[in-house]
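Subject: Structure handover and findings

Hello,

Here is the structure you asked about. Please open it alongside these notes.

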Amino acid sequence: MEGGAILKKMPIKENSKETYRRIEDQYAGKSVFITGGTGFLGKVFVEKLLHSCPKIDKIFLLIRENDKFDAKSRIEQLLEFPIFQRMKKERPEDLKKVVPLKGDIGLHNLGLCEEDKKMLIEKVSYVFHFAANVKFNEPLIEAMNVNVEGTRRILHLCQLVKNIEAFVYISTAYSNTDQQVLEEVIYPSPASNDEIQKIMKHEIHNEKQIKKLLAGRPNTYTFAKALAEHLVNEERGDVPTVIIRPSIVSASYNDPIMGWVDNWFGATSLITTIATGLNRIMIAKKSNVVDLIPVDYVSNLTVVAAARCKRSDDLTIYNSCTSAANPLTIGDLFNLITEDYDKHNKGNAMKPSLILTQSEWLLTIYTVMMQIIPAFIADCWLRLMGKPPRFMKLQKRITLVRDSLRYFTSRTWAMRCDHTSELYASLSIPDRIQFPFDPAHIVWSKYIPIYLKGIREFLFKSK
C-alpha cells in the first residue's frame, strides 16, 4: 500500500524518545487471553500479535470443543490456515506460544477448569473478547446467553485478574442503528434491567413481544450487542476497558496476505453474487454507503487500543468504520466490481448488472424475470444433460442472503471515527507502518480489486 506517501502528508505528532513506547514493547513478556480466536477476525489478530509483537509471552485461546475435535486439535487446524505461513517460515517456534484452553463463553465460569482459571488470573495482562453468536435471527434467549451473559462472565474474570492492563470488547457498529450519526460514545440501553431479567427467565416470546424489545433494531444480534455494550459500561468496575465497534469486516488489505478471506458471511456473499451476475436487483440507492472495513485494520486497531489503554473513569470507544471518514457508495462499489470483471472474468461469467430500487413489487418482478426464470431454464438444461439441477437452490440461497442484508443496504449511516484517527496520529512513524488502521487511508479503487481477487483465490480456490 502507498503508506509512505500517506505518512509524508500526515501531521506528525511524534512523541519524545524518553516517553514514547513502541507497541510491540508494550506486549513484551506479557500474556493475553482471547475468546473467539478461531473466527475470521480472531485468526488475523492472533497472527498479528505473534508476528508484530515477537516478545509476547503466551496467547491463551478459549476453545470450544466438539464431538470431532478437542481443543488441541482445533489449534492445530487453526495454525494450518494460509495466514500463518509467514510465521512458519520466519519464526516457527513462536507458534508454540499459542495455548488452547478448553471452555465456552456460554457456560458458567466460561467452562474453564479451576487450574486454567487460576493460571489466567496470575499470568494474563490483556483480555480480548471477540467471541459472539453472529447469527442475525438467533432465538433471543440464545443470543442473550452468549452475547450478553457471556460478556458478563468475561468481565467477572477480568475483575479477578491480578495484573489486568486492558479488557477489549469487540462490539459492532450496527449495535445502535437507531442513530443516524454514530458517535464514539455509549448510547442508552435498549432495555431496562427488569426487562432483561424477564427475557432471561422466559424461553419463549411471541413475535410482538420481541419486536417491541428490539426497539427498532433489525435482529436479535444487534439488540444483544447493544445490551452488552451497556453491560460493559455499567459493570467494568476499575478494569481498564476499551470497546471497538467494527462495521462490515471484509477481506484483508495487506496483512498478513492481501485479500485474505475465509468465509461467505456478510458483504462477501453479496459482493460475490453481484460480481458473478447471479444477483441483479436489490433494495438500495446508489448513494447509500456500504461501510466496509478491512479485517487487518480492525485487528491492528485492537492491538494498539489495548496497548494504549489507561485506567480512567471514562470508557474509551473506537469506531472502526469508513462511512464518515472515507465513504464508499453502493454505486461506486458496483462500478469497481464491473471494472474488475472487464479485466479478469470477461467471457467466464455473466457480466454484472444491478438494478437498485425502493419498490417491493419491482424487486419481486425483476427477481422472477432476471433470476428465477433463467435459473429454472438452466436446471431444465442440466436435467436434459443427465446432470443434477443446482441453479434454483443457488437462487434460493442468494435471495436469503440479499433479504437478510436488506435492512443494511436500504439505509445509510455516518459512523464517526475521530478517536480512531487521533489514536493513529499519536503513533510513531514505525508503529503507523506496522499497524495501519486509519480508515481515511483506504484507497477503494485499489482495495476492491484486492477483495475480489481474494474471493477468487481463497474461496473459489481459483488461480
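In which helix is R456 found? R456 is found in helix 19, residues 444–459. Helices here are DSSP runs of H or I with at least four residues, strands are E runs of at least two, and both are numbered from the N terminus.

Some ground rules. This is a predicted model, in which local features need pLDDT of at least 70 and side-chain atom pairs count only at pLDDT 80 or more, while totals for chains, interfaces and linings use all residues. Residues are numbered from 1 along each chain as its sequence is written, and side-chain values use heavy atoms, with hydrogens and water left out.

**R456**

R456 is buried, with a relative accessible area of 19%. Buried means under 20% relative accessible area, exposed means over 50%, and partly exposed lies in between (1.4 Å probe, protein chains only). R456 and G331 are 125 residues apart in sequence. C-alpha to C-alpha, R456 and G331 are 22 Å apart in space.

**Helix 11 and its partners**

Helix 11 covers residues 267–275. Nine of its nine residues are buried, so helix 11 is largely enclosed by the rest of the structure. The buried set is A267, T268, S269, L270, I271, T272, T273, I274 and A275. Just after helix 11, G277 takes a positive phi of about 75 degrees.

Take helix 13 (residues 330–344) as a partner. The axes of helix 11 and helix 13 come within 10 Å and cross at roughly 55 degrees. That makes helix 11 oblique to helix 13. Axes are lines fitted to C-alpha atoms, for helices over the stretch in contact, and angles run from 0 to 180 degrees between N-to-C directions. Angles under 35 degrees count as roughly parallel, over 145 as roughly antiparallel, 65 to 115 as roughly perpendicular, and the rest as oblique.

The crossing of helix 11 and helix 13 is right-handed. A crossing is right-handed if the near helix is turned clockwise from the far one by less than a right angle, and left-handed if anticlockwise. I271, I274 and A275 in helix 11 meet L333, F334, I337 and Y341 in helix 13. By class, this contact of helix 11 with helix 13 has seven nonpolar, no polar and no charged residues. Contact means heavy atoms within 4.5 Å. Ala, Val, Leu, Ile, Met, Phe, Trp, Tyr, Cys and Pro count as nonpolar, Asp, Glu, Lys and Arg as charged, and the others, Gly among them, as polar.

Now helix 19. The axes of helix 11 and helix 19 come within 11 Å and cross at roughly 95 degrees. Helix 11 and helix 19 are therefore roughly perpendicular to each other. A267, T268, I271, T272 and A275 in helix 11 meet Y451, L452, I455 and L459 in helix 19. The residues of the helix 11 and helix 19 contact divide into seven nonpolar, two polar and no charged.

**Helix 7 and helix 10**

Helix 7 (residues 140–158) and helix 10 (residues 220–235) have axes that come within 9 Å and cross at roughly 20 degrees. That makes helix 7 roughly parallel to helix 10. Helix 7 passes helix 10 in a right-handed crossing.

The largest nonpolar core has 91 residues. Y27, I34, L49 and F128 have the most contacts inside it. A second, separate core of 27 residues includes V146, L157, I164 and L315. A nonpolar core is a set of buried Ala, Val, Leu, Ile, Met, Phe, Trp, Tyr and Cys residues joined through side-chain atoms within 4.5 Å.

Q26 lies in helix 2, residues 23–26. Q26 is buried, with a relative accessible area of 11%. Leaving out residues up to four places away in sequence, Q26 touches R21, Y126, E165, A307 and R308.

Most residues other than glycine have a negative phi, and most peptide bonds are trans. The peptide bond from D255 to P256 is cis, with omega near 0 degrees. P256 is found in the loop between strand 8 (248–250) and helix 11.

N109 has a positive phi near 60 degrees. L110 has a positive phi near 65 degrees. N109 is found in the loop between strand 3 (98–102) and helix 6 (114–123), and L110 lies in the loop between strand 3 and helix 6. At 28% relative accessibility, N109 counts as partly exposed. At 2%, L110 counts as buried.

Best wishes
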